[in-house]
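Student: I have a structure open and would like to go through it with you. Can we start with what counts as a core?

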Amino acid sequence: CLAPSGGNIQPWHFHFDKTKGLFLFLDKSHKSYSIDYQFISSMISLGTASENILLSAENHDNPLAFMFFNDFQNNYPVAHFFPATQKSHPYPKLYNQIGLRQTNRMLGNQTEISKLLLNTFSDKSLPFEGHQIKWLAKPQFDQFADIFGEIERIRLLDKQCHKELMDELRWTKEEEIAKKNGISIDSLDLTQNERVSLDFLKRSDALKLINDWGVGKGFVEIF
C-alpha cells in the first residue's frame, strides 16, 4: 500500500466485507524484536497505511469515514473504514505525494542546506499543529551519526538482532523482486570494502568471535 514501515516489514493485514467495509489488522508475524517494542513501530506503520487509504479513497471520489480501536493485542481490528457522505480530509493534495515518497539511503555530497531554504521548509509546515522542527548543523549531525553507528554495532552483535537484520536485507535483485519487502542491499550507499564487510557479517559464527574478542569498531562505519 506504498506506506513506510520500519525495516520495510509491512505489518498490515486487510479484510474486506461487502456490507461492513474494510478492516485493518496488525500482522504480528512481522514483529521486529529490535525496532518494534510493544508493536510501537508497527502501529506507526499502520497509521501511515491508514492515511494512504483515506487519501486514495477521497481522490477517487469514494470518501471514507473511519474508526480506530486500541485492543489490537487480542487480534481485534486496528481500524475500520466505511463509506462517508462527503469529503473531509484536511490535506487532500497529499495524495499526489504517495507515489513519490522514497527512502533515500544514499549519503550524497552532503551539501549544507541554506538557511533561506530551511526557513521555507519551516514556514510550509506551520499548518500542521503539535509539531516542532529542529535543524541540525553538521557537527551535531556527525555526533548523532556516531551514536547511531554504535547502536547499530551493538544491535549487529546481538544474536536475535543479527538474525533480524540479515532477514531484512535483500542481497540480490531477484530476491528483492520475489519477496517485495525488506531492504535492498543496492539501496545502501556502500563502498566495495563496506559491501565485502557486510557480506562477512552474514556469518553468525564470525560475529560471535568478534563479540567475544570485544572488537568490531570498524563496522560502525558501515552504518
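Tutor: A nonpolar core is a set of buried Ala, Val, Leu, Ile, Met, Phe, Trp, Tyr and Cys residues joined through side-chain atoms within 4.5 Å. Keep in mind that this is a predicted model.

Student: Fine. Which residues touch the most other members in the largest nonpolar core?

Tutor: Trp12, Leu24, Leu26, Leu46, Phe72, Val78 and Phe81 do, out of 14 residues in that core.

Student: And which elements give two or more residues to this core?

Tutor: Those are β2 (21-26), α1 and β4 (79-83). The biggest contribution is from α1, which gives four residues.

Student: What lies apart from it?

Tutor: Another core, made of twelve residues. Its members include Leu156, Met166, Trp171 and Ile210.

Student: Back to the helix. Where is Ser42 found?

Tutor: Ser42 belongs to helix α1, which covers residues 40-59.

Student: Is Ser42 buried or exposed?

Tutor: Buried, because its relative accessibility is 1% and the cut-off for buried is under 20%.

Student: What does the side chain of Ser42 make a polar contact with?

Tutor: With the side chain of Asp36, at 2.5 Å.

Student: Leaving out residues up to four places away in sequence, which residues does Ser42 touch?

Tutor: Ile9, Pro11, Leu26 and Asp36.

Student: Which of its lining residues are the closest to its centre?

Tutor: Glu112, Ile113, Leu136, Ala137 and Lys138, from a lining of 13 residues. Helices α3 (115-124) and α4 (138-157) each supply at least two residues of that lining.

Student: How many residues of the lining are nonpolar, polar and charged?

Tutor: Seven are nonpolar, three are polar and three are charged.

Student: Now the whole chain. How many helices and strands are there in the protein chain?

Tutor: There are eight helices and six strands. Along the sequence they run β-β-α-β-β-α-α-α-α-β-α-β-α-α.

Student: What share of the protein chain do buried residues make up?

Tutor: Buried residues are 29% of its 223 residues.

Student: Last one. Among contacts between residues at least 6 apart in sequence, what share join residues at least 24 apart?

Tutor: In the protein chain, 56% of those contacts do.

Technical notes:
Residues numbered from 1 in each chain as written. Predicted model: local features only at pLDDT ≥ 70, side-chain atom pairs only at ≥ 80, totals over all residues. Heavy atoms only, no water. Buried < 20%, exposed > 50% of the residue type's maximum accessible area, 1.4 Å probe, protein only. Polar contact = N/O pair within 3.5 Å; in protein donor to acceptor, adjacent residues only side chain to side chain. Contact = heavy atoms within 4.5 Å. 1 Å grid on protein atoms, 1.4 Å probe; cavity = no way out; pocket = protein on both sides within 12 Å on 5 of 7 lines; lining within 4 Å. Nonpolar A, V, L, I, M, F, W, Y, C, P; charged D, E, K, R; others polar.
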